[in-house]
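Welcome! Please take a moment to look over the sequence and the 3D structure shown here, and then read on for a short tour.

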Amino acid sequence: MKLIVLSLFLLFLTLPGQTGKYTEIGGLPPVPSYAVSAIREKIVVDGQLSEKAWAKAAPITLMFPWEEQMGVKQRTTVRLMRDQNYLYVGYECEDADITALHENRDDPVYQDDCVEIFLKPSDKTDHYFGLEMNARGVLFDYYYAFPEKNDRGFNLEGVLLKTSLNGLLNQDEANDQGWTLELAIPWKSLNKLAGRLPPAKGDEWRAQINRWDGTEAKGRRLSMWCASGLKKPGPHNPERFGKLIFK
Ligand SMILES: [Ca+2]
Ligand SMILES: [Ca+2]
Ligand SMILES: [Ca+2]
């Protein structure tokens, strides 16, 4: 009898893609991992991913979990790296129509062409930091005491970011190619949740990476690193964040 109970327990542990506290869709693959390399090269946060280190970092391509969303699925490639002072994130967005209207810190930039990263340094809580940035380089940052309260009044100190557009912003008729965003997040800005800063080699954090693309009129799409397991399009589910492993 004991053996049967144990076998059932082990089976439960190994079943893929369980729904959970927040996950609504079963059968999803396990969340992916990404090794964040330590770099020596100095990164100039100018919106150009021209430093050699960027070319060496492994690319993540965002996927589109919701087939019902409208419009063209434009590719987004994301790379991460780190040094003693910063976590660096570089986004390359293919985009035939670059649009972004919001201009001020903590505006709802997720309504624009926008890229995001959520960082959850602690496995003791569901709380995490969010950074959402539009194609103008406007930052909306917050502390999400998930799932209860999203505090947009919280600001991460010293974040550097810059975009570079290959096209014309908010010009319907322009033939745009895309845009890039270069982001540097100071480790010390994350001390509200992180145990050890900078993270040591082998430390593991959870993270999600997203992009909102399109306009209300022509349809909008959400793409992401790992499927959030929600029925309605949305990125907020810390159970389905991927794993960042620091090197
Ligand atoms: Ca650069
Ligand atoms: Ca767009
Ligand atoms: Ca804020």
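Is strand β3 (residues 76-82) largely enclosed by the rest of the structure or left open, and how many of its residues are buried? In this predicted model, six of the seven residues of β3 are buried, so the strand is largely enclosed by the rest of the structure. A residue counts as buried here if 20 or more other C-beta atoms lie within 10 Å of its own.

**The partners of β3**

Let us see which strands pair with β3. Strand β1 (residues 33-38) pairs with β3 in the parallel sense, over two bridges. Within this pairing, Ser-37 is found opposite Met-81 of β3. Strand β2 (residues 60-61) also pairs with β3 over two bridges, but in the antiparallel sense. There, Thr-61 has Thr-77 in β3 as its bridge partner.

Strand β4 (residues 86-94) runs antiparallel to β3, and seven bridges join the two. Leu-80 faces Val-89 of β4 across this pairing. Between β3 and β4 lies a hairpin, which connects them through three residues.

**Moving on to β13**

Strand β1 has another partner to visit: β13 (residues 242-246) runs parallel to β1 and is joined to it by four bridges. Here Tyr-34 stands across from Leu-244 in β13. Strand β13 in turn pairs with β11 (residues 204-215), again over four bridges, and these two run antiparallel. In that pairing, Ala-207 lies opposite Gly-242 of β13.

| Strands | Sense | Bridges |
|---|---|---|
| β1 and β3 | parallel | two bridges |
| β2 and β3 | antiparallel | two bridges |
| β3 and β4 | antiparallel | seven bridges |
| β1 and β13 | parallel | four bridges |
| β11 and β13 | antiparallel | four bridges |

**The whole chain**

Now step back and view the protein chain as a whole. Its secondary structure consists of two helices and 13 strands. The chain has a radius of gyration of 19 Å, close to the 18 Å that the globule rule gives for 247 residues, so it is as compact as a globular protein of that length. Along the principal axes, its C-alpha atoms fill a box of roughly 70 × 40 × 35 Å.

How much of the protein chain is made up of buried residues? They account for 33% of the 247 residues. Finally, consider contacts between residues at least 6 apart in sequence: 60% of these join residues at least 24 apart.

Note on methods
Residues numbered from 1 in each chain as written. Chains lettered and ligands numbered in written order. Predicted model: local features only at pLDDT ≥ 70, side-chain atom pairs only at ≥ 80, totals over all residues. Buried ≥ 20, exposed ≤ 12 C-beta atoms within 10 Å, placed from the backbone. Pairing = 2+ DSSP bridges. Rg over C-alpha atoms; globule rule 2.2 N^0.38 Å. Contact = placed C-beta atoms within 7 Å.
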